[in-house]
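The sequence and the structure are shown below.

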Amino acid sequence: MQWIKCSDKLPSGPYRVLVNPRKGGMAVAEYHKEIKYWCDVDGGYYSPLNITHWMPLPEPPEGE
């Protein structure tokens with residue numbers, strides 16, 4: 001998987017993806033196109049200008 005620039009493409013649905021905020025680090029968030037904002041798993045919001053890249057989450061491991 002590779003990082004996708006938000007200026008090139010945004011996720012098509014409100015499903016969780018890994019995002020790279022401008023302030024650094026990584027977070028898990030959903031993009032809501034109807035309100036044009038990112039929502040993180042803790043209920044916080046990111047302006048679209050504050051997220052530079054995103055990528056789909058990897059598949060969870062199988063078994064234990």
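In this predicted model, the structure holds 2 aromatic pairs. One is formed by Tyr31 and Trp38, and the other by Tyr37 and Tyr45. The points below take up these pairs and then two residues of the loop between E5 and E6.

**Aromatic pairs**

- The pair of Tyr31 and Trp38 is tilted, with 5.1 Å centre to centre and 55 degrees between the planes.
- Both Tyr31 and Trp38 are buried.
- In the pair of Tyr37 and Tyr45, the ring centres are 6.5 Å apart; the planes stand at 75 degrees, and the pair is therefore edge-to-face, as this class requires an angle over 60 degrees.
- Tyr37 has a relative accessible area of 35% and is partly exposed.
- Tyr45, at 54% relative accessibility, counts as exposed, because the threshold for that class is over 50%.

**Ser47**

- Ser47 lies in the loop between E5 and E6.
- The relative accessible area of Ser47 is 18%, so the residue is classed as buried, the limit being under 20%.
- Not counting residues up to four places away in sequence, Ser47 touches Tyr37 and Trp38.

**Asn50**

- Asn50 is found in the loop that runs between strand E5 (45-46) and strand E6 (51-56).
- With a relative accessible area of 37%, Asn50 is partly exposed.
- Neighbours within four places in sequence left aside, Asn50 is in contact with Asn20, Pro21 and Arg22.
- Asn50 and Tyr37 are 13 residues apart along the chain, and their C-alpha atoms are separated by 9.8 Å.

Technical notes. Residues numbered from 1 in each chain as written. Predicted model: local features only at pLDDT ≥ 70, side-chain atom pairs only at ≥ 80, totals over all residues. Heavy atoms only, no water. Helix = DSSP H or I, 4+ residues; strand = E, 2+ residues; numbered from the N terminus. Buried < 20%, exposed > 50% of the residue type's maximum accessible area, 1.4 Å probe, protein only. Contact = heavy atoms within 4.5 Å. Phe/Tyr/Trp six-rings, centres within 6.5 Å; stacked < 30°, edge-to-face > 60°.
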